[in-house]
Amino acid sequence: MAAIPKGGRVAVTGAAGFIGGWVVRELLDRGYRVRACVRDVNEDSKVGFLKNMGAYASGRLTLHSANLDDAGCFDEIFKGCHGVAHVSHVSDYDDHDYVRRVCDHIINSVNESESVTRVIVTSSIAAVISEADLQELVRRPVCYEDRYPDESNPKRTPARGQGYSMGKVIAQRVFSDAAEVHGGWDAITCCPADNVGPIQSAHQKEKGPWQHNIETMLLGKYYQNGAYRPWMTVDVRDDAFCHVGLLESVAVQNGERYIAWSTDMRKVEDICADIDRLLPELGHATPGVTDPFPERIQAREEELRGYWAHVELRNDRMKSVVPIEFRALDVSIRDCVESLLSVGKVPAVLREGFEDKQA
Ligand SMILES: NC(=O)c1ccc[n+]([C@@H]2O[C@H](COP(=O)([O-])OP(=O)(O)OC[C@H]3O[C@@H](n4cnc5c(N)ncnc54)[C@H](OP(=O)(O)O)[C@@H]3O)[C@@H](O)[C@H]2O)c1
């Protein structure tokens, strides 16, 4: 319906999370007022980094406890907000009745607010590329906003690992349908890729999965990706920039979705080695990649890698509405590693002759 006004008030769900935390910071840096929705404002191990922000001291940033699973929990928080960035995870992506129910909790509070004009719904590239049959990537290799996984495939079920992708597509449609019916706000979906970049709080190192994967590499182990998929990345700070850009854009329309990715792709084994290439001073003992798959999958390694090698990642649509230059993946890996060491206190496994600089 309408872009949010510059300096307006925005509620962010999942604000203590990896992406949500950066959306909060980006909004504050651009002069907005932020209501950070977290599960428990007293859980300082998760929300302490928000309380340490200067805007919390001035009151421009406020924290609010809300559990998405409780109907009405956002009613008071959203009143007076111009926008909502609904970044939070939900508790269960496989139960689609539950997914619809929690979407309705947010939607009802948006309707009740009588002030919100735009909601950004955080989805995922899983809602773009997650195929029950990877052959579909050969048939439709161009990955852009109008590409959906083959929804007619009978194997596209939660039992076959598609619950997350399905739940994200459902959420996107529930929000845009509700916005259409209401007429006073619009719902724009943002599909982030694999987020890499700095954590702002130690608890975020266990989330992810991508920053957690890098933590695991630092700890001396790493496991091959499902279906030998390469990492398809975005810097978490650029992802936040995209979220805020979509809140501000006058060019977007209800029901549209935008992909946040740099279009960089890199293999797991290369990322392990990149840590030492980018930060030779650290002396990281690069682990070999462990392949945990059964023999029948390992026998298909070349074929599976081949599917991914031919996909084409596009970010034209995001770039047409948000003035972004995506960071290079090397920058995201470097900053992720340095934050895991300094903020996360990860005891990296080092080669002989190197020692922990913080000890
Ligand atoms: N990270 C990625 O690479 C990536 C890629 C594509 C899409 N996404 C999407 O981006 C969003 C954020 O991901 P993230 O990586 O930032 O995850 P995250 O670090 O785990 O943060 C998610 C946040 O959601 C909160 N949350 C979960 N269930 C909740 C509930 N029932 N009520 C209130 N809060 C709840 C969590 O709180 P607790 O810690 O208390 O559980 C957490 O603070 C998700 O929607 C995810 O699907 C992420």
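Q: Two strands pair if DSSP finds at least two bridges between them; what makes S8 and S10 a pair in this predicted model?

A: Strands S8 and S10 are joined in the parallel sense over three bridges, and because the criterion asks for at least two, they qualify as paired. Within this arrangement, aspartate 194 has threonine 233 of S10 as its bridge partner.

Q: Why is S8 called an edge strand?

A: The open sheet to which S8 belongs has three strands in the order S8-S10-S12, with mixed pairing. S8 and strand S12 (265-266) each pair on one side only, and they are the edge strands.

Q: What makes S5 and S7 a pair, and in which sense do they run?

A: Strand S7 (residues 186-192) is joined to S5 by five bridges, and the two run parallel; since at least two bridges are needed, the pairing holds. Valine 121 stands opposite threonine 189 in S7. Both strands sit in an open sheet of seven strands with parallel pairing, in the order S3-S2-S1-S4-S5-S7-S11, whose edge strands are strand S3 (61-65) and strand S11 (257-260). With direction ignored, neighbouring strands of this sheet are turned by 20 degrees against each other on average.

Q: What would helix H8 be called relative to S7, given the angle at which it runs?

A: Helix H8 (residues 163-182) lies across S5, S7 and S11 and runs at about 160 degrees to S7.

Q: Why are H11 and H15 called roughly perpendicular?

A: Their axes come within 10 Å and cross at roughly 80 degrees; because the range from 65 to 115 degrees is the one described as roughly perpendicular, H11 and H15 are given that description. The contact is made by Ile271, Asp274, Ile275 and Leu278 of H11 together with Asp330, Ile333, Arg334 and Val337 of H15, and by class it holds five nonpolar, no polar and three charged residues.

Q: Why is helix H9 described as largely enclosed by the rest of the structure?

A: Seven of the nine residues of H9 (residues 210-218) are buried, and the helix is therefore largely enclosed. To be called buried, a residue must have 20 or more other C-beta atoms within 10 Å of its own, and those that qualify in H9 are Trp210, Gln211, Asn213, Ile214, Glu215, Met217 and Leu218. What covers them includes H1, S8, strand S10 (231-235), H11 and H15. Just after H9, glycine 220 takes a positive phi of about 100 degrees.

Q: Why is glutamate 114 called exposed?

A: Glutamate 114 has 11 other C-beta atoms within 10 Å, and because 12 or fewer is the limit for the exposed class, this residue falls into it. Glutamate 114 lies in the loop between helix H5 (96-113) and strand S5 (118-122), and its phi, near 55 degrees, is positive although the residue is not a glycine.

Q: What makes lysine 345 count as exposed?

A: Lysine 345, found in the segment after H15, has 10 C-beta neighbours inside 10 Å; the limit is 12 or fewer, so lysine 345 is exposed. Its phi is also positive, near 55 degrees.

Technical notes
Residues are numbered from 1 along each chain as its sequence is written. This is a predicted model: local features need pLDDT of at least 70, side-chain atom pairs count only at pLDDT 80 or more; totals for chains, interfaces and linings use all residues. Helices (H or I, at least four residues) and strands (E, at least two) are DSSP runs, numbered from the N terminus. Two residues are in contact if their C-beta atoms, placed from the backbone, lie within 7 Å. Axes are lines fitted to C-alpha atoms, for helices over the stretch in contact, and angles run from 0 to 180 degrees between N-to-C directions. Angles under 35 degrees count as roughly parallel, over 145 as roughly antiparallel, 65 to 115 as roughly perpendicular and the rest as oblique. Ala, Val, Leu, Ile, Met, Phe, Trp, Tyr, Cys and Pro count as nonpolar, Asp, Glu, Lys and Arg as charged, and the others, Gly among them, as polar.
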